[in-house]
Amino acid sequence: MWAIEFAGKGLIKEHMLVPVEGSPAGKAFTTGAPARFGPADLAALESDVGRLLLAEGIQSMCSVPLAVHDHRLGTLSIGRLGGEPFTDCDTELLASVASQVAFSVENALAFQEIADLKDRLAAEKVYLEDEIRTEYNFEEIIGQSAA
């Protein structure tokens, strides 16, 4: 989990590793389609994630994939403390929001990659300049000429 907005009991935290297999987010990620879960669905999950969600008081959950051009980047998952399940309308709205978030995530990843490449190129330039200086040692050239 990269970012979380939830003031629960502290069982679910940011930067927590969530398995792809047996988690709500994993199902949406692998299928590429929104996935909805009620209390019974969360309890039936194979991983501990369902147990943790229920312990936090989450009663229903909807996970939608973050995808750009059929490239999946992650998921957007929303949980409800109340018992009301997510409707088709809720899922459509979350899918629309997820498509916009996916473009933002893709742009952020691209900018990060560009910054990393720029830093690496600058480091290689410094290294090559040092190599040229030590290889040819131009500072020690002393010449004599009439001029």
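Strands β1 and β2 run antiparallel, joined by 3 bridges. Two strands count as paired if DSSP finds at least two bridges between them. Helices (H or I, at least four residues) and strands (E, at least two) are DSSP runs, numbered from the N terminus. The model is predicted: local features need pLDDT of at least 70, side-chain atom pairs count only at pLDDT 80 or more, and totals for chains, interfaces and linings use all residues. Residues are numbered from 1 along each chain as its sequence is written, and side-chain values use heavy atoms, leaving out hydrogens and water.

Start with the bridges. R36 has C62 in β2 as its bridge partner. C62 in turn has a bridge partner in β3, I78. β2 and β3 also pair in the antiparallel sense, over 9 bridges. One further pairing sets S63 opposite S77 in β3. The two strands β2 and β3 form a hairpin with 2 residues between them. In its turn, H69 has a positive phi of about 55°.

How enclosed is β2? Of its 9 residues, 8 are buried, so β2 is largely enclosed by the rest of the structure. Buried means under 20% relative accessible area, exposed means over 50%, and partly exposed lies in between (1.4 Å probe, protein chains only). In a regular strand the side chains alternate between the two faces of the sheet.

Now look at S60, which lies in β2. S60 is buried, with a relative accessible area of 1%. Which residues does S60 touch? Leaving aside residues up to four places away in sequence, S60 touches F37, G38, I78, G79, R80, G82, E84, P85 and F86. Contact here means heavy atoms within 4.5 Å. A polar atom of the S60 side chain lies 2.9 Å from the backbone oxygen of E84.

Definitions and conventions. Polar contact = N/O pair within 3.5 Å; in protein donor to acceptor, adjacent residues only side chain to side chain.
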